[in-house]
Amino acid sequence: MNTLRKYGFIYWVFFKNCFIAQMEYRINFLFANTIEIAYMFIKLLYVLVAFRIGVEINGYTADSLLMYVGSFTMMTGFYCFFFYSNFMLLSNHVRDGTLDLLMTKPVSLQFIATLRRIDFGYSFSNIVGGIVMIVIGWSRLGIPVTPVKVLGFAGFIFLGVVLKYAIFLIPSLISFWTVKTAAVNEISTNLWDMNHVPMNIYGRSIQQAGIFLFPVFIITNFSTLFALDKLSVSYMVWFIAAPVLFLFLSRKLWNIAIRNYTSASS
């Protein structure tokens, strides 16, 4: 518990410092949110078409699609808020040698290197917009607002955030060997963008790859499927196990990467 309180306090310091630093340039915050709102409306276009013509896509109504897009948008906001800046800067730490300085700190190197920066600009509109879409879809679908439903949905969202950290940290670790990882990060970003529509739209082989191999589909699909009572028990067990498994794997790969790190001073 002492360790948890210590890291909680350190993360709170990170949070305050990042907020103060980013609010010094409020115009950047406004521009970032304006851009994200524009992207959000683009992603909503196919849902609006479904509302307009009243069609179902593979058994899912427009209201169900709205919940899916809301979950995807909210999880994108959480990713930008907690992890994106840190993962993008990891290769700079390796290339410029600033990782040497982080190694001297009396805290976990993985903690300070992958969670130090918090981005408010590209995350705020996505988180708020995603929550609004989920609430509207939830209400229109008539899903009961019970403790089991709400807490279960929130729990799956939390597991999704943990899983997203674990699986998107792994491609960033390639920077310890290749230094520049722009192409790898672009591929992982494109894989995530496939997730803005329900996984049932894709073929079975793509669904299985997105559930078990690189499990981006379960991050946003399974919480919505749980709320709609369409999540099987086996998938529910996998959703609980996957964050633990991939977090363990990412930790092991992190340790291997650190052992292969050559500092700026050699």
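1. Is Asp229 buried or exposed? Asp229 is exposed, at a relative accessible area of 63%; here buried is under 20% relative accessible area, exposed is over 50%, and partly exposed lies in between (1.4 Å probe, protein chains only).

2. A quick word on the basis. This is a predicted model, where local features need pLDDT of at least 70 and side-chain atom pairs count only at pLDDT 80 or more, while totals for chains, interfaces and linings use all residues. Residues are numbered from 1 along each chain as its sequence is written, and side-chain values use heavy atoms, with hydrogens and water left out.

3. Now the salt bridges (a side-chain nitrogen of Lys or Arg within 4 Å of a carboxyl oxygen of Asp or Glu). The count comes to 3.

4. Asp229 pairs with Lys149 in one of these salt bridges, with the closest N and O atoms 2.5 Å apart. The two sit 80 residues apart, Lys149 in helix 7 (residues 147-172) and Asp229 in the loop between helix 11 (217-227) and helix 12 (233-259); helices are DSSP runs (H or I, at least four residues) numbered from the N terminus. Lys149 is buried, at 8% relative accessible area.

5. Arg140 and Asp63 make another salt bridge, its closest N and O atoms also 2.5 Å apart. Arg140 is exposed at 53% relative accessibility, whereas Asp63 is buried at 13%.

6. Then there's Arg95 with Asp96, whose closest N and O atoms are 3.9 Å apart. Arg95 is partly exposed, at 39% relative accessible area.
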